[in-house]
Amino acid sequence: MWTWFYRLASPPHFYRVAASLVPWLLWPALLLIVLGIWGGLVVAPADYQQGDGYRIIYVHVPSAYLSMMIYVTMALAAGIGLIWRIKLAHAVAASCAPIGASFTAAALITGMLWGKPMWGTYWQWEPRLTSELILLFLYFGYMSLRSAFNDLNQSDRASAVLALAGVVNVPIIHFSVLWWAGLHQGPSISKLDAPSIVFNMLWPLLTMILGFTFFFLGVLAMRVRGEVLEREFHSRWAQDVLRSTSIMEADR
Amino acid sequence: MNLGLGSLFLIVLQRDLMIAMRRWSDICNPVVFFVLVVALFPLALNPRAEFLRALAPGVLWIAALLAALLSLNQLFRADIEDGTMEQLLTLPYPLGLVILAKTLAHWLVTGLPVVAVAPMLAITYHLPADAISTLLLSLLIGTPTISLLGSIGAALTAGLRQSGVLLALMVGPLMLPVLMLGARATDIALSGDDPTGPLYLLGALLALALSLAPPAAAMAIRISAD
Amino acid sequence: MQDGAPQGKRFTEVELLTGTGLTLWRGANCLFDQLSFSAAPGGALLIRGPNGSGKTTLLRVIAGLTLAEEGDVRWQGRPLSARDETGRHTIAYCGHATALKPDLTTLENLRFFARLSGYATSALPELLASTGLTPCADLPARVLSAGQKRRAALARVLMSGAPLWLLDEPQTNLDAAGREFLERVLQKHLANAGTAVIVAHQSIDMGSARTTVLQMGEAA
C-alpha cells in the first residue's frame, strides 16, 4: 500500500498516470453533464412556485458544492504536503485554488441570476450568497499569498498554513453567517422543499453534481501535470518530456 | 538553564513592552487611525443623532478591525529583519509560547488603547450607556481574537516586502465572525435586548483562537524565517 | 553556567556533529547534493567557498532554520534540535543579522538573551568589559558601529553556554583587536571540547584545535 502510494507520489510516475487518467475523467464528465442538462431542462417539470426560473440550480448547486469541496480538498492536500513533505501534494493544492475560485465565482453569478426573478434584485445579503462571497475572498487570499513568495518551497508551506487556518474557519464563518442572517429575517433562496422534490427534478441534479465532480478531477489532473512539469523543470525526466513534445511539434 | 514557561512568557512580554514604550508613535498610530475612521462617518454621511446611533456598532467595530489589521503588519517584521527570530528559533523553548507573549504585548500596546477610547467615541455617536458597556465588553473579548488570528497572517507575511494589503486580504475574511458577533451584540443591546448570547460566542472564539493560533503562527514563523 | 564565567564549562566527550546526505535545491539551482560532514568535540569545521555556493544556507540547515530536502544533521547520534535530552541549550547561532533592537541599550539587549539562556545577569558587566563594550553599555544599539554590533553578537554566543557554535563570517567588521578576541574565545571553546562550525573567508587561527575544511561549490 505504502510503496504504491510513494510510487504514485513520485512526479514522473504521476505525470504518466495522470495523462492516461484524464480521458477517463473528462469523457464521463461530458456525458453526465449533457445527460444532466437534458434532464434538467427537458425532463424535470416546472416548479409550481418558481416556474422555469429554478432550473438554474442545475448549474448553481453543483458549482456551490464544488466550491466548498475543492477548498477542503485543497486544505487536505496542503496539510499532507506540509506534514509529510510530499511535493506532489503541494502541487495538487496549488492547482486546486484557481479551479475552486472559478467554481465559487460561477456559484455567485448563477446565484445572482437566480435572484433576479426570485427577489427582483440580483443581490440579497442572504446567508448562502454571503458565504460564497467570503469563500471567494479566502481563495483570493490563498492565491495572492502563493504568488507573493519568490521561493517555491516557502510559498508551498506558507500557503498550506493559510489553507489549514482557512479550513478550520470555514464552518465558523458558515455558522456565524447563518446566525447573522437569522437575526435579520431577510429573504432566502426558497429551498425546494423535501416533499416537493420529485424524482424527475432530483436525478438531473445528482447527475450534474457527479458530472461536475468528474470535470473537476479531470481539470485538476491536467493542471497538476502542468504544475509538476514546471516544478521539476530542471530534472532529467522533465527535460525528456519537453524534448519529446517539441520533436513531435517539429514533425508536424 | 531550564527556564520555567511562565518566566519565559514574562521575559518576552516585558521586553516587547519595553521596546514599544521607546517608540511612542507605534502605540499612538493605531488609536489615532481608529479615531480618524470613526470621525469620517458623520462628516461623510449624516450627523443626525438617531442615524449615527444606528450606525455606531458597525462603524466602531469596523474601525477597530481596520486599526488592528494595519498594526498587525509590524508584529514580527522587525524580529525577522534584525535576526531576533533566528535567535528565538535556536533557543530550546516552545515557539508558540513566545508568539503568544509577543501577540499579547502587541495587543496591549495597539488593541487596548483602541478599546479604551471606544466608549468616548460611542458617546459622540449618541449611544446609550448599556449599549456602550456591551460595546466595551465585546471589543475587550473580540480584539484579542483579532490579534491572535492576525498573528498567523503576520507570521506568514513577515518576510515579504510589500504585505500590508496582502495581510488584510488573507486574514480579513477569517475575522468576519468576530466582526459579525461583536457588532451584532452591541446592536442587540442598543435595541434593548439581552446580548449575552453573542458575547458567549465571542468568548468561545477567543478560547479557540488562544489554543489554535499560536501553534499555527509558530509554524508560519519557521517558514518565514527560512 | 550559573557561576557566570563565560568559558568555564567542559563539554562531554561524546558530543559529535554529523551531517549526512544533505541535499537542497533553490529553484533550478542545486546548492548542495548529498553533502556529508562531521565534526568531533574540540574540533572546528570551516566552511569555505565562493559567493553563492550555499555556505550560509548550509549553516542555517545545521541550525535547523532551513529545511534540507534530503538528509539529516545529527548531534550525539540524535537529530539535532535546539534542546538536547536534558533540555539543555545546544546551539549558539550567530548569523549576519546581529539581533540587536535599535531602541534598547546594549546592556538591555544582552540582558534579554542572558535571561533566556540562564546566564547570570550580574556577570554581564564583566562580559561587556572582556568584549570591549563597556563604554557603550548604556547607549542605544542604533548608535553602535558595525564592529561593536558584531562584538555584541559574539558576547551573546559566549553567554549561551551551548556546546555547538555556528558562526557565519564572525570576523566581518571586526578590527584587529576584535579578531584577536574572537580567536581567543574560539580556541578556549574548542579546548573545552566544544564544537564550532564557521563560515569564513579570511583565515582564523584555531590554535592547536583540529580543523576540517569543507569546500563548497566549484573550487574556483
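Start with the sheet in chain C of this predicted model: four strands, running in the order E2-E1-E4-E5, make up an open, antiparallel sheet. At its edges stand E2 (29-39) and E5 (78-79) of chain C, and each has a single partner strand, so one side of each is left without a neighbour in the sheet. If you want a specific spot to look at, find Thr18(C), whose bridge partner in E2(C) is Ser38(C). Packed on this sheet is helix H1 of chain C, residues 55-63, which touches E1, E2 and E4 (70-75) of chain C. The direction of H1(C) makes about 55° with that of E2(C).

Now move over to where chain C meets chain B. The contact draws on 33 residues from chain C and 29 residues from chain B, and the two chains bury about 2800 Å² between them, with 55% of that on carbon and sulfur atoms. There's charge here too: 5 salt bridges cross the interface. Polar contacts between chain B and chain C come to 14 residue pairs.

Which helices of chain B supply at least two residues each to the side that touches chain C? They are H1 (5-22), H4 (77-82), H5 (84-89) and H10 (196-225). H1(B) gives the most, with 8 residues. By type, the residues on that side of chain B divide into 14 nonpolar, 9 charged and 6 polar.

Key
Residues numbered from 1 in each chain as written. Chains lettered and ligands numbered in written order. Predicted model: local features only at pLDDT ≥ 70, side-chain atom pairs only at ≥ 80, totals over all residues. Heavy atoms only, no water. Contact = heavy atoms within 4.5 Å. Buried area = accessible area lost by both parts, 1.4 Å probe. Salt bridge = Lys/Arg side-chain N within 4 Å of Asp/Glu carboxyl O. Polar contact = N/O pair within 3.5 Å; in protein donor to acceptor, adjacent residues only side chain to side chain. Nonpolar A, V, L, I, M, F, W, Y, C, P; charged D, E, K, R; others polar. Pairing = 2+ DSSP bridges. Axes fitted to C-alpha atoms, helices over the stretch in contact; angles between N-to-C directions.
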